[in-house]
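Student: I would like to go through this model term by term. For each label, please set the value against its cut-off.

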Amino acid sequence: RFDAAFFAQRIPWQPRRVTATRGKSRFTLPPALPGAGVRTIGGGGVDSGHARAIMAGLVRHPAVIATCGEALSVLVLADPELDALRTLLLEAAYDVPVVDAPRIDTISTEARLSALVFDLRQANGLAFSFTRGDAEPQVARRDLALAIEALASRPELDAALQAATDRLAMGDDVDLFHEQVRLHHARAEADRVLAALHVEEE
């Protein structure tokens, strides 16, 4: 599992409502978390394949939206449509206790994202349990949550490791060395978890 000390820094997801205006989202991302600023420095964008897989998983298993809201909200999605859908789903999770398929259909149609949602629901070939129609729902939801957390943690771990390495280069420090080793292990574990979630193509 992920490094306990690292993930202890995460705080519960608490989306904030802003005044609704025409053409603007009602949802704003949470206040910056400790270390959130270094995600950009670390090149924190999610590659297109994983971004599409995550969003395909969320439209199939929307219960994960609320449980992984904080990690989901910090993913950097380059595709503007996927990014817009992510924000739409987070808004929906704030509005109602349970987001289900009919609710996703309604809000995506209103936002002119219904074609994207349809395509994501057909993405059965993506190599994760949570993008497959024949997957056990409980397993798929667990795997989706793990994938979101792994992708959200990777840029922060990269930046923290680089910072520790830079400081260590300025002089020997036993504590910094141990921190560097811990971050190496945490990053390797995040990569291992994500790799382990891939399933063989049939």
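Tutor: This is a predicted model. Let us begin with the aromatic rings: the structure holds 1 aromatic pair.

Student: What makes Phe-128 and Phe-130 a stacked pair?

Tutor: A pair of aromatic rings is described by the distance of the centres and the angle of the planes. For Phe-128 and Phe-130 the centres are 4.9 Å apart and the planes make an angle of 15°.

Student: Are Phe-128 and Phe-130 buried or exposed?

Tutor: Phe-128 is buried, and Phe-130 is buried too.

Student: Why is Arg-86 called buried?

Tutor: Its relative accessibility is 4%. The cut-off for buried is under 20%, so Arg-86 is classed as buried. Arg-86 belongs to helix 6, residues 80-95. Beyond its neighbours within four places in sequence, Arg-86 is in contact with Met-55, Leu-72, Ser-73, Leu-75 and Leu-77.

Student: Which other residues of helix 6 are buried?

Tutor: Among them are Leu-82, Leu-85, Thr-87, Leu-88, Leu-89 and Glu-91. At the start of helix 6, a side-chain oxygen of Asp-79 comes to within 2.8 Å of the backbone nitrogen of Glu-81. Helix 6 has 16 residues and its first and last C-alpha atoms are 23 Å apart, close to the 22 Å expected at 1.5 Å a residue.

Student: Why is Asp-119 called partly exposed?

Tutor: The relative accessible area of Asp-119 is 40%. Buried needs under 20% and exposed needs over 50%; 40% lies in between, therefore Asp-119 is partly exposed. Asp-119 sits in helix 8, residues 114-121. In sequence Asp-119 and Ala-56 are 63 residues apart, while their C-alpha atoms are 8.5 Å apart in space.

Student: Which elements do the buried residues of helix 10 pack against?

Tutor: They pack against helix 3 (48-60) and helix 9 (137-169). The buried residues of helix 10 include Leu-176, Gln-180, Leu-183, Ala-186 and Val-193.

Student: How many residues are in the largest nonpolar core, and which have the most contacts inside it?

Tutor: The largest nonpolar core has 42 residues, and those with the most contacts inside it are Ile-54, Leu-58, Leu-75, Leu-85 and Ile-148. Elements giving two or more residues to this core include helix 3, helix 6, helix 8, helix 9 and helix 10. Apart from this core lies another, of 6 residues, among them Leu-157, Ala-164, Leu-183 and Ala-190.

Student: What does Leu-58 touch, not counting residues up to four places away in sequence?

Tutor: Leu-58 touches Val-64, Ile-65, Leu-72, Leu-89, Ile-104, Leu-144 and Ile-148.

Student: What is the secondary structure of the chain, and what percentage of its residues is buried?

Tutor: The chain has 10 helices and 4 strands. Of its 202 residues, 41% are buried. Among contacts between residues at least 6 apart in sequence, 73% join residues at least 24 apart. The chain exposes about 10900 Å², with 56% of that supplied by carbon and sulfur atoms.

How values were computed
Residues numbered from 1 in each chain as written. Predicted model: local features only at pLDDT ≥ 70, side-chain atom pairs only at ≥ 80, totals over all residues. Heavy atoms only, no water. Buried < 20%, exposed > 50% of the residue type's maximum accessible area, 1.4 Å probe, protein only. Contact = heavy atoms within 4.5 Å. Areas by Shrake-Rupley, 256 points an atom, 1.4 Å probe, with all protein chains shown as cover. Core = buried A, V, L, I, M, F, W, Y, C linked by side-chain atoms within 4.5 Å. Phe/Tyr/Trp six-rings, centres within 6.5 Å; stacked < 30°, edge-to-face > 60°. Expected span 1.5 Å × (residues − 1). Polar contact = N/O pair within 3.5 Å; in protein donor to acceptor, adjacent residues only side chain to side chain.
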